[in-house]
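User: I would like to go through this structure by question and answer. Please keep to the computed geometry.

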Amino acid sequence: EHDDVADANGGWLLDGFPRNDAQAAALESRGITPQLVLHLEVPDEEIISRVTGRRMDPETGEIYNLNSDKPSDESVLERLVQRSDDTEEKVKVRLEMYHSQASKLLDRYQSVVRTIDGTRSKSTVFSDIERAISALSAPKKLGAMILGAPGCGKGTQCELISSKYGLVHISTGDMLRAAVEAKSQLGVEAKAFMERGELVPDELVIAVVEERLSADDVADARGWLLDGFPRTVAQADALAERGIVPDVVLKIDVPQEILVRRVVGRRSDPQTKRIYHLEFDPPTDPEIAARLIQRADDEEHKVRTRL
């Protein structure tokens with residue numbers, strides 16, 4: 001919240017925090033998420049050598065190292081002191097604690113982690129860091145996800161969002177229903193799950209979504225809006241493994257009884273594909289009203305199963 005951070009052109013660089021997954025989760029709950037995590041990798045043996053050889057001049061505060069940067073002045077060398085936590089025993093304890101926490105942090109931030117070999121010269125390490133940071137300045141597409149229970153209004157909002165921000169709306173529900181109509185292999189397998197109001201298994205959906213995100217219209221657009229995917233942690237992990245991470249996740253919250261009322265009254269016109277609602281948006285033409293159909297998974301008991 002400091003003014004110098006608000007006024008900085010480049011942004012911010014966190015050093016020494018978060019140290020554990022709980023701290024990282026606390027940051028995320030406040031909307032603080034890094035675009036890049038730099039992971040400097042050095043073998044434990046070399047770290048122990050570096051830290052145990054570190055000494056400080058109590059008069060000037062300057063840091064030296066007995067192994068790699070010893071002072072040339074004997075009087076300075078004689079007055080150097082070692083920090084109490086730089087002993088080998090304590091360094092090993094600190095490293096053990098670091099490794100136990102770092103693995104969780106690297107998993108959390110895996111999509112934005114860049115691991116850099118820290119055993120090389122300072123200039124070489126910094127060159128790699130520069131390249132990683134410079135890559136962030138390239139034009140970036142917006143990735144968005146929208147979450148919400150059936151009947152929460154995702155479809156309506158997706159139309160408005162995709163039009164306003166130039167995003168390609170990718171609805172897994174629409175893709176799966178199209179596959180069912182086309183009687184593709186995926187459609188045949190998915191149909192039974194959908195008619196029972198159950199989620200289609202992850203393995204049947206992930207490949208379709210990945211293929212859709214690589215299509216030309218997505219590449220040419222300002223970004224993408226995923227609707228109805230991911231629905232499970234496994235699906236979210238699968239996306240992250242492929243480098244597909246949203247910049248924003250929108251969650252629409254609606255009480256359950258209102259959702260049931262919205263979905264159970266929903267009907268579609270098989271000729272025009274337009275969606276109506278028997279209570280809130282009924283057709284005025286009796287001919288259209290007579291041909292409306294209800295989706296198999298919009299029956300009340302199936303809606304409650306889905307919820």
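Analyst: Helices (H or I, at least four residues) and strands (E, at least two) are DSSP runs numbered from the N terminus, and the expected span of a helix is 1.5 Å times one less than its number of residues. This is a predicted model, in which local features need pLDDT of at least 70 and side-chain atom pairs count only at pLDDT 80 or more, while totals for chains, interfaces and linings use all residues. Residues are numbered from 1 along each chain as its sequence is written, and side-chain values use heavy atoms, with hydrogens and water left out.

User: How far does helix H5 reach from its first C-alpha to its last?

Analyst: Helix H5 covers residues 88-108, which is 21 residues. The span expected at 1.5 Å a residue is 30 Å, and the helix comes close to that. The reach is 30 Å.

User: On which residue is the kink in H5 centred?

Analyst: The bend at a residue is the angle between axes fitted to the seven residues ending there and the seven starting there. In H5 the kink is about 25 degrees.

User: Which helices are included in what covers the buried residues of H5?

Analyst: Buried means under 20% relative accessible area, exposed over 50%, and partly exposed in between, with a 1.4 Å probe and protein chains only. Val-91, Leu-95, Ala-102 and Leu-105 of H5 are buried. Contact here means heavy atoms within 4.5 Å. The cover includes helix H2 (21-29) and helix H3 (44-52).

User: Which are the edge strands of the open sheet of four strands?

Analyst: Two strands pair if DSSP finds at least two bridges between them. The order is E6-E7-E5-E8, with parallel pairing. An edge strand pairs on one side only, and here these are E6 (167-171) and E8 (248-251).

User: What is the bridge partner of Met-145 in E7?

Analyst: Strand E5 (residues 142-147) pairs with strand E7 (residues 223-227) in the parallel sense, over five bridges. The partner of Met-145 in E7 is Leu-226.

User: Is Gly-166 buried, partly exposed or exposed?

Analyst: Gly-166 sits in the loop between helix H7 (154-165) and E6. Leaving out residues up to four places away in sequence, Gly-166 touches Ile-161, Ala-221, Arg-222 and Gly-223. Because its relative accessibility is 30%, Gly-166 counts as partly exposed.

User: Why does Lys-183 count as exposed?

Analyst: Lys-183 is in the loop between H8 and H9. Its phi is near 55 degrees, a positive value in a residue other than glycine. Lys-183 counts as exposed because its relative accessibility is 70%.
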